[in-house]
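Keep the sequence and the model side by side.

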Amino acid sequence: MDKINVYEKLNLFNEYWSPKILGEVNESYVKVAKFKGEFLWHTHENEDEMFYVLKGLLIIKFRDKDVILNEGEFLIISKGIEHMPVAEEEVHVMLIEPKATLNTGEVKNERTVGRLEKI
């Protein structure tokens, strides 16, 4: 049981859309990531997903609306809901989601991170 400084961990990498594992809580990972630009429309059929904004402004697009998340705000996206994260400028986020969750959900392409790095 060692404490973790989230901001120190975020300084260890620069790539976007590539979540890193900070720890585990029961059957979920606590992850951090840096986002910039548009991601892709995707769905997580079996997992809820939580985005907590640590730095910047994140837009989560849904087919019927956009939700803007500022620093210190989070959103839980229920399983089965199609969404697309967008970061006009660099955004730092914490994610809490089941270990089986792929960053691209049901879509598998060049942005899919199959093996997550623990930092």
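A salt bridge here is a side-chain nitrogen of Lys or Arg within 4 Å of a carboxyl oxygen of Asp or Glu. The model is predicted: local features need pLDDT of at least 70, side-chain atom pairs count only at pLDDT 80 or more, and totals for chains, interfaces and linings use all residues. Residues are numbered from 1 along each chain as its sequence is written, and side-chain values use heavy atoms, with hydrogens and water left out.

The whole structure holds five salt bridges. In one of them, Glu-82 meets Arg-63 at 2.9 Å, N to O. This pair links distant parts of the chain, 19 residues apart: Glu-82 sits in the loop between β6 and β7, Arg-63 in the loop between β4 and β5 (66-69). Strands are DSSP runs (E, at least two residues), numbered from the N terminus.

Glu-24 bridges to Lys-99, with the closest N and O atoms 2.7 Å apart. Here strand β1 (residues 20-25) is linked to the loop between β7 and β8 (117-118), 75 residues away.

Now the interior. A nonpolar core is a set of buried Ala, Val, Leu, Ile, Met, Phe, Trp, Tyr and Cys residues joined through side-chain atoms within 4.5 Å. Buried means under 20% relative accessible area, exposed over 50%, partly exposed in between (1.4 Å probe, protein chains only). The largest core has 17 residues; Phe-35, Leu-58 and Val-93 are among those with the most contacts inside it. Strand β7 (84-98) is one of the elements giving two or more residues. Its share, four residues, is the largest.
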